Amino acid sequence: MSILEMKVPSPGESISEVEIATWLVSDGDYVEKDQAIAEVDSDKATLELPAEQSGIITLKAAEGDVVKVGQVVCLIDTSAERPAGSAAPVAETKAEEVAPVKEAAPVAEKTSTAPVLNPGPVAGSYAKGTPSPAAAKIMAENGISGARINGTGKDGRITRQDVVSAMAAGFSSAEVQGWGGTRDQNREKMSMLRRKIAERLVSVKNETAMLTTFNEVDMKPIMDLRAKYKDQFAKFHEVNLGFMSFFTKAVTEALNLFPAVNAQIDGNEIVFHNYADVGIAVSSPKGLMVPVVRNAEQMSLADIEKEIKRLAVKARDGKITPEDMTGGTFTITNGGVFGSMMSTPIINPPQSAILGMHNIIERPVAIDGKVEIRPMMYLALSYDHRIIDGKESVSFLVKVKEMIENPERIIFGGKDPHAVLLGL
């Protein structure tokens with residue numbers, strides 16, 4: 001018998017412990033090398049733990065246990081043989097990344113050869129529609145019934161990606177579990193990630209002089225420009241043209257003019273950044289994540305859209321890493337996608353400011369002395385008053401407003417294109 005001790009790897013330099021969020025396999029299962037066997041929560045992200053070798057697994061930690069980096073969490077008997085009658089399994093996440101085969105093949109044949117996470121000793125032991133452990137956890141957290149989720153795993157089993165894809169597509173009210181008519185209560189332990197977020201939010205309130213200033217922006221120029229070029233843009237750059245790239249570029253130009261908004265306090269010193277690493281808040285099954293678009297000031301609109309899409313997909317699929325979410329100098333959050341009309345976003349420490357976008361509402365506004373109906377958005381800038389003065393914060397937000405309402409200024413580095421043409 002040859003036993004391999006699997007230890008918790010270090011997710012990052014500053015992380016000394018993690019929490020076992022979910023075991024994706026059961027004690028005594030046969031696992032394949034590189035198969036995802038567990039999801040672990042750090043105080044920055046949720047990561048997958050892959051099996052280092054193939055064999056029979058013995059779990060040494062329970063879900064919810066906090067374990068140190070380097071601690072043994074399971075044993076793998078590498079001398080054990082794969083159970084008879086079971087196909088070679090592949091990690092669920094790996095199976096979901098496999099591109100569809102190009103050659104036509106019968107559906108039944110695809111189903112019979114599809115990879116499956118954590119198969120039992122006998123092939124086909126899972127009934128059609130049975131969720132995997134990871135899928136069952138997400139369904140329970142979000143109150144989702146598996147009755148109308150199509151399973152793509154072996155024998156119709158519901159995989160984690162099936163649930164994530166179904167959530168992204170949306171559910172009707174009939175598909176979401178409603179009130180049960182009881183007075184029962186459920187208690188769930190907060191994940192390490194959620195506890196860390198709670199601590200940071202409270203510390204921001206207690207340790208910064210946070211203030212919020214508001215303005216409104218007329219979205220018609222951007223909407224007209226997007227409507228005119230979105231099809232051509234998508235065809236040429238192979239990515240859709242959204243509003244976030246315009247706001248990101250407007251922010252980077254404004255940060256160049258008002259560097260204190262892009263700075264942070266370190267003890268008795270102010271650290272100014274000669275670059276703009278912009279955090280973009282995105283929604284994921286685990287909650288709100290803030291991956292960072294690095295050197296956004298050097299990127300084109302297409303580059304920004306591609307990077308935001310890449311990071312959003314990683315967050316949605318639970319593959320975001322701590323490195324993806326560290327080092328930002330400024331953050332943009334868009335509560336408008338959820339219907340928020342106005343809010344006061346909380347600073348993402350150690351940054352000193354955050355821009356909040358909101359939903360677009362058609363409202364009557366005065367244009368050249370006449371009342372017109374325009375698509376308007378409220379903007380909110382929360383900032384640390386210890387480092388950013390009121391004049392700087394207001395001027396920064398006004399500059400963002402000016403560039404969004406005059407998108408050609410984004411192309412000319414925040415300058416009036418007519419002045420550039422005339423050499424003024």
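Modeller: Let's start with terms: helices (H or I, at least four residues) and strands (E, at least two) are DSSP runs, numbered from the N terminus. The model is predicted, with local features needing pLDDT of at least 70 and side-chain atom pairs counting only at pLDDT 80 or more, while totals for chains, interfaces and linings use all residues. Residues are numbered from 1 along each chain as its sequence is written, and side-chain values use heavy atoms, leaving out hydrogens and water.

Biologist: Happy to begin there! Which strand holds F214, and is F214 buried or partly exposed?

Modeller: F214 is found in strand 9, residues 210-218. Buried means under 20% relative accessible area, exposed means over 50%, and partly exposed lies in between (1.4 Å probe, protein chains only). The relative accessible area of F214 is 36%, so this residue of strand 9 counts as partly exposed.

Biologist: How much accessible area do F214, M341 and M342 have together?

Modeller: These residues form a nonpolar patch on the surface. Patches take residues with over 30% relative accessible area and no salt bridge, joining like charges within 9 Å and nonpolar side chains (Val, Leu, Ile, Met, Phe, Trp, Tyr) within 5 Å. Areas come from the Shrake-Rupley method with a 1.4 Å probe, and for residues, only the protein chains shown count as cover. Together, F214, M341 and M342 have about 280 Å².

Biologist: Which residue in the turn between strand 18 and strand 19 has a positive phi?

Modeller: Strand 18 (residues 361-367) and strand 19 are antiparallel and share seven bridges. They form a hairpin with two residues between them. The positive phi, about 50°, belongs to D368.

Biologist: How many bridges join strand 9 to strand 19?

Modeller: Strand 19 covers residues 370-384, and strand 9 runs antiparallel to it. One of the facing pairs is T212 and S382. The bridges joining strand 9 to strand 19 number nine.

Biologist: On to charges: what separates D224 and K220 in helix 6?

Modeller: A salt bridge is a side-chain nitrogen of Lys or Arg within 4 Å of a carboxyl oxygen of Asp or Glu. D224 forms one with K220, the closest N and O atoms being 2.7 Å apart. Because they are four residues apart in helix 6, their separation is about one helical turn.

Biologist: How many residues apart are R294 and D277?

Modeller: Their side chains meet in a salt bridge at 3.7 Å, N to O. R294 is in the loop between strand 15 (292-293) and helix 8 (301-316), and D277 is in the loop between strand 11 (269-271) and strand 12 (278-280). The pair links distant parts of the chain, with a separation of 17 residues.

Biologist: Is K401 buried or partly exposed?

Modeller: K401 meets E405 in a salt bridge of 2.9 Å, N to O. E405 has a relative accessible area of 23% and is partly exposed. K401, at 19% relative accessibility, counts as buried.

Biologist: Finally, how far apart are the end C-alpha atoms of helix 9?

Modeller: The expected span of a helix is 1.5 Å times one less than its number of residues. Helix 9 (residues 390-405) has 16 residues and should therefore span 22 Å. Agreeing with that, its end C-alpha atoms are apart by 23 Å.

Note on methods:
Pairing = 2+ DSSP bridges.
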